[in-house]
Amino acid sequence: MAARRGYDDGKSRDGRKRHILTDTDGLLLEVTVTTADVHDSKAAPALLETFMEQPGRLLKLVWVDCAYQGPALAKAFARHGVRVEVVRRCDGRREFVVLARR
């Protein structure tokens with residue numbers, strides 16, 4: 001099991017990351033688990049593709065934090081016609097703060 005763990009330099013932690021897609025009520029739509037060293041922007045296209053490959057699935061708008069950006073992810077969203085809004089922190093604080101729609 002140790003081979004399936006990675007190290008996240010940004011958080012100084014080892015382990016796994018869970019990338020989740022939920023609806024506006026917080027209900028789980030899709031989940032992908034990666035090693036901690038996989039950046040969010042690299043894991044998200046696979047998460048989106050897995051969700052959208054099922055017939056009848058539809059996403060119009062996705063709210064993400066600033067880690068979920070990049071050309072590969074932008075292409076994946078554009079391929080499925082999904083609009084993306086990045087929810088940013090505007091106060092510059094580093095501690096945990098609940099943000100709307102993220």
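How many helices and how many strands does the chain have? The chain contains two helices and five strands, where helices (H or I, at least four residues) and strands (E, at least two) are DSSP runs numbered from the N terminus. Along the sequence, these elements follow the pattern β-β-β-α-β-α-β.

The structure is a predicted model, in which local features need pLDDT of at least 70 and side-chain atom pairs count only at pLDDT 80 or more, while totals for chains, interfaces and linings use all residues. Residues are numbered from 1 along each chain as its sequence is written, and side-chain values use heavy atoms, with hydrogens and water left out.

Of the 102 residues in the chain, 28% are buried; buried means under 20% relative accessible area, exposed means over 50%, and partly exposed lies in between (1.4 Å probe, protein chains only). The accessible surface of the chain comes to about 7600 Å², and carbon and sulfur atoms account for 52% of this area. Accessible areas come from the Shrake-Rupley method with a 1.4 Å probe, and for residues only the protein chains shown count as cover.

Part of this surface is a nonpolar patch formed by Ile20, Leu28, Val31 and Val33, which together have about 370 Å² of accessible area. Strand β3, residues 28–35, gives the most to the nonpolar patch, with three residues. Ile20 is found in strand β2, residues 13–22, and it counts as exposed because its relative accessibility is 53%.

Strand β3 also holds Thr34, which counts as buried because its relative accessibility is 15%. The side chains of Thr34 and His19 are joined by a polar contact of 3.0 Å; such a contact is a pair of N or O atoms within 3.5 Å, and within protein one must be able to donate a hydrogen and the other to accept it, while residues adjacent in sequence count only if both atoms are side-chain atoms. Beyond its neighbours within four places in sequence, Thr34 is in contact (heavy atoms within 4.5 Å) with Arg16, Lys17, His19 and Ala43.

Leu29 is another residue of strand β3, and its relative accessibility of 30% makes it partly exposed. Setting aside residues up to four places away in sequence, Leu29 touches Leu21, Thr22, Asp23 and Phe51. Leu29 and Phe51 are 22 residues apart along the chain, and their C-alpha atoms are separated by 7.5 Å.

Notes: Patches are made of residues with over 30% relative accessible area and no salt bridge: like charges are joined within 9 Å, nonpolar side chains (Val, Leu, Ile, Met, Phe, Trp, Tyr) within 5 Å. A salt bridge is a side-chain nitrogen of Lys or Arg within 4 Å of a carboxyl oxygen of Asp or Glu.
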